[in-house]
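Me: I'd like to learn how to read a few features off a model like this one. Can you take me through them, general idea first and then the case at hand?

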Amino acid sequence: MRVKTGVVRRRRHKKILKLARGFYSGRRKHFRKAKEQLERSMCYAFRDRKQKKRDFRKLWITRINAACKMNGISYSRFIHALKLANIDLDRKILADMAMNDIQTFNTIIASVKDKIK
């Protein structure tokens, strides 16, 4: 039995090629190459959505650590003191304070310094 796939195949190909816009050379023009590249690209996109969260957390910790070092306290002691003082600020907010509002950050460090041994 003969199956005609003209419309179905064209729609499927157009869908893949539309997603492949911006790829280099034949990877955007040829269906098979576009499909292979798209599979790989989707894997990278999935992986890097997770990686992005890790990268931002690493950046925030680095910024907080730098601001803590200027006040003569280590990052780990500072975080521990925050927990003991029941101050519930996450690393994103603390890093923003360390970069843009150093006076407030220094006030927080001064308020938790007595909790440190």
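Predicted model: local features only at pLDDT ≥ 70, side-chain atom pairs only at ≥ 80, totals over all residues.

Me: Is Arg32 buried or exposed?

Reply: The cut-off for exposed is over 50% relative accessible area. Arg32 has 65% relative accessibility, so it counts as exposed.

Me: Which residues form the positive surface patch?

Reply: For charge, Lys and Arg count as positive, while His is not counted. In this model the patch is made of Arg9, Arg12, Lys15 and Lys35. Helix 1, covering residues 6-19, gives the most to it, with 3 residues. Lys35 sits in helix 3, which runs over residues 31-70. Its relative accessibility is 35%, so Lys35 is classed as partly exposed.

Me: Where does His13 lie?

Reply: His13 is in helix 1. Its relative accessibility is 22%, so it goes down as partly exposed. For a sense of distance, take His13 and Lys58: they are 45 residues apart in sequence and 41 Å apart in space, going from C-alpha to C-alpha.

Me: How many salt bridges does the structure hold?

Reply: The idea is a side-chain nitrogen of Lys or Arg within 4 Å of a carboxyl oxygen of Asp or Glu. The structure holds 1. It pairs Asp48 with Arg47, and the closest N and O atoms are 3.0 Å apart. What about cover? Asp48 is partly exposed because its relative accessible area is 32%, and Arg47 is partly exposed too, at 45% relative accessibility.

Me: And how many disulfides does a search of the whole structure find?

Reply: You'd look for a pair of cysteine sulfur atoms within 2.5 Å. Searching the whole structure gives 0 disulfides. Cys43 has a relative accessible area of 54%, so it is exposed. Cys68, on the other hand, is at 0% relative accessibility and therefore counts as buried.

Me: Now backbone angles. What should I look for in phi?

Reply: Most residues other than glycine have a negative phi. Ser25 is one case: it is not a glycine, yet its phi is positive, at about 55°. You'll find Ser25 in the loop between helix 1 and helix 2, the latter being residues 26-29.

Me: Why does Ser25 count as partly exposed?

Reply: Because its relative accessibility is 36%. Partly exposed is the range between under 20% for buried and over 50% for exposed.

Me: What phi does Asn86 have, then?

Reply: Asn86 has a positive phi of about 55°, although it isn't a glycine. Asn86 lies in the loop between helix 4 (75-84) and helix 5 (91-100). Its relative accessible area is 65%, so Asn86 is exposed.

Terms used
Residues numbered from 1 in each chain as written. Heavy atoms only, no water. Patch = residues over 30% accessible without salt bridge, like charges linked within 9 Å, V, L, I, M, F, W, Y side chains within 5 Å. Areas by Shrake-Rupley, 256 points an atom, 1.4 Å probe, with all protein chains shown as cover. Charge placed at Lys NZ, Arg CZ, Asp CG, Glu CD. Helix = DSSP H or I, 4+ residues; strand = E, 2+ residues; numbered from the N terminus. Buried < 20%, exposed > 50% of the residue type's maximum accessible area, 1.4 Å probe, protein only.
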